[in-house]
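Have the model on screen and follow along with me.

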Amino acid sequence: MTLQILLCFIFIISEVPVDTVSLASCSAGWFGSSCQYKCHCVNNQCDVDGKCTGGSTCVRGWFGPLCQYQDLARLNATTLHATLTDGDDATCSSVLTFSLTWLINYQVTWFRIVTQQSNSLQNMQLILNKTIIPTTHLIKVTDRVTDILCQTEILATDVSLNFGSTVALCSVYISGGRNVALKQNTSQSSDYTEAGVVRYSFMAVDGNTSGNFSHITCTHTAEHQPGSWRVIFSSTKSVNRYLLYNKNTERQRLKGFVLNSYNNAGTKLFEYRDTSSNDNVPIYTISSSSHGPVSYVNISVRDILTLCEVEIYGDNVCNTRNYGLECTKTCNCNDPTETCFVATGGCRSGCAAGYQGEGCIQLCDAISYGHNCEKKCSTNCLHGSCDVVNGYCPSCLPGKQGVFCDIDCNPTYFGTNCTQRCSPNCTNSLCDNVNGACKSCVDGKQGPFCEEKCNATYYGTNCSQRCSSNCLDSLCDNVNGACKSCVDGRQGTFCEQNCNPTYFGTNCTQRCSPNCTNSLCDNVNGACKSCVDGKQGPFCEEKCNATYYGTNCSQRCSSNCLDSLCDNVNGACKSCVDGRQGTFCEQNCNATYYGVHCASKCSTNCTDQFCNNFNGSCLNCIEGKQGEFCNTDCDAGHYGPSCLNKCSSLCLDSKCDAVNGHCFRCKDNSSGKFCEKENVNGYNNGYIKGLGHGVGIGIGGMCIIVLIVTAVACVIRRYKGDKSEESKNRNDVYDQPVELQHTHLSANSITEPEQRTIYNNIDDLMAGTNTENKSQDSTYNTLNDEYNDVSRYMSFSST
């Protein structure tokens, strides 16, 4: 057979469900719509779709989709790497090469290689019968499984794989095809019947390879005539190997058989003639290059034909873009024009976006997408899953948007797919694009989402500012911090201003008391800083205590005020203590006045009319007066100012004039005013001895008295016009009887100097008379008596 170039293709596969409706009525070990597929799972543990169950795997010698492909690596093979062909993907070896040889030739159609880890096989070389076969495609199906499809007509007895570097190799499977004759339609030239048992043609494709004829699993044609048998495929097949199972006895009957394959038009595609000399062959194996499409196969002999089982290995020849056990599945290649591998549906171009596995019918897992599901969904896809074809996220994680969820939310949006608007309470409506937590809150709001009002005593951005301590109870507008009300003494939006000086209290709404000096008060409690004159107390609402006055009632009324009482505003005394006068009683009375308001005039009996300005007591008395108020005549024997002088001892009986001390009478042998002179003529008391002298002196004395009285009257008359009040008083006096008039003339009518002048004049007259008439004792004494009368009168008048 001519050697042709072998083309190999590598693709990734996985299990595929059976493409026909399975019937639960199939007997154990069978599945398919007509129960036409044999289970090759360990212990026949297949479900109705042919999948191994209970954790079982393919029995050794079988692999691929639903364990339907015979493994040539375990069929009459010799290898140095037994663990790599034991069908156990868990036993691995690190190798550079793998090699295997057969006793007979096989056509290699595809490989499956399982590695321990993800490995690149791009540098791998496939060698058949010492010939390097170029590998144009190496397609990973999974991280561990790689399928290699080879389109070649070479029949090989040895296979080598050169990996180029050490590979942790676990399994190597070499496909020998699947038995496409099983349960297909059959016919034979005649049926042999024995003891009522008919040997039908289908018994050769019932899946039982036993050569025991008594098991009634072998077909048999009638005796004594050429026998032939035919299998007709339900769909055309590509065939590369035939196996004929002979019965245990009379095996020579198959010797020299002829096997022919035909297409649907009846054209012969393949022929094999047995030329061996051995007539005891239990199993005939016929290998060939793939040929097809085969529609039916004939087997014929010259005599009786007995076949216990006929196995024909190959695969379907499906229409373009179909594959599977019954060509009912559609290829799903990345290149939509590509015809996929009929056994697995694997594509040289890889699976279409969104698909993976055998037949590329398995959707990508939740986190993969694209060609062969080689791309990973964006981690921003919700749950990490995306559209298996284009990778578009059906939904994004909070905070992301866009088909691949690779775009952050617009600043004012958040959440899944950025569909939620940030709270309007977020500053500038900006929030965390994942959970919506505000980056910052508008004034007056707080909390992760700024949904809470500020605590009552906080305000502003994120409620980070404390209300002014000047706000009443520290309460303010939670947005701008404006105080709801101010503590006493403060005003303004933020209570940052003290009250105007004349206001106080909450929000400065109360006016300071008008009793506060200049209406100024404490802006908190309204207490006056100082009181107007006459007021006291915190709020200046109280009058000064009776004895205090002025600013804050801090000044004591003058001690000169009567009972210390004064006007509480200016301190003016309500009345003065005796001896004081003036608004504030700060002045002593004039020297000649005394008593309340200095309204009383000092007694004229006071020397110079000076008296104590409190009680009117005289400082000193005039001559002839004594006592506190000089209202008492001198005691007998005393005279002069305040009666401090004693009358001369020469005065008779020690009696003298109380004013000047002149003796009323002298003792014998004495004369003179003070009886200080001794009498020469022996007359006592100055009496004149001669009568003539006495008469003259008497007349002269009378003249003097008249003069004196006249002088006094003139003085009195002159004073009548001085003052209207005094004039009136004097008129009242002169209207009285003459004997009473002199009792009402007071010191106010005749001044003290005038009185003294009168006295002096009288004294001078008396002295002159006495001198000129010394011998006229009686006359002198008479004048002396008159003088004393006048003196008493003057003294009386002065009181």
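Is Cys 373 buried or exposed, going by its relative accessibility? I looked up Cys 373 and found it buried, at 7% relative accessibility. My cut-offs are these: buried means under 20% relative accessible area, exposed over 50%, and partly exposed in between, with a 1.4 Å probe and protein chains only.

Before going on, I noted that this is a predicted model, in which local features need pLDDT of at least 70 and side-chain atom pairs count only at pLDDT 80 or more, while totals for chains, interfaces and linings use all residues. Residues are numbered from 1 along each chain as its sequence is written, and side-chain values use heavy atoms, with hydrogens and water left out.

**Entry: the Cys 373 disulfide**

I followed Cys 373 to its partner, Cys 364, and found a disulfide with an S to S distance of 1.8 Å. I count a disulfide when a pair of cysteine sulfur atoms lies within 2.5 Å. The torsion about this S-S bond of Cys 364 and Cys 373 is about -90°, so I wrote the disulfide down as left-handed. Cys 364 is buried too, with a relative accessible area of 8%. I then searched the whole structure, and the search gave 38 disulfides.

**Entry: two further disulfides**

I picked Cys 426 and Cys 438 next; their disulfide has an S to S distance of 1.8 Å. Its torsion about the S-S bond is -65°, and the link is left-handed. Both Cys 426 and Cys 438 lie in the loop between β35 (420-421) and β36 (445-446), so the pair ties together parts that are 12 residues apart in sequence. Here strands are DSSP runs of E with at least two residues, helices are runs of H or I with at least four, and both are numbered from the N terminus. Cys 426 is buried at 1% relative accessibility, and Cys 438 is buried at 13%.

I also checked Cys 512 and Cys 521, whose sulfur atoms sit 1.9 Å apart in a disulfide. This link is left-handed, with -60° about the S-S bond. Cys 512 comes out buried at 6%, and Cys 521 is buried at 3%.

**Entry: salt bridges**

How many salt bridges does the structure hold? I got 9, taking a salt bridge as a side-chain nitrogen of Lys or Arg within 4 Å of a carboxyl oxygen of Asp or Glu. Side chains of opposite charge can pair when their charged atoms come close.

One of them joins Arg 178 to Asp 315, with the closest N and O atoms 3.2 Å apart. Arg 178 is in strand β15 (residues 178-179) and Asp 315 in strand β25 (residues 309-316), so this pair ties together parts 137 residues apart in sequence. Both Arg 178 and Asp 315 are buried.

Then I found a network of salt bridges linking Lys 247, Glu 250 and Arg 253. The closest N and O atoms are 2.5 Å apart for Glu 250 with Lys 247, and 3.0 Å apart for Arg 253 with Glu 250. Lys 247 is buried at 3%, Glu 250 is partly exposed at 35%, and Arg 253 is partly exposed at 22%.

**Entry: the whole protein**

Last, I took the totals. I have 5 helices and 57 strands for the protein, and 47% of its 799 residues count as buried.
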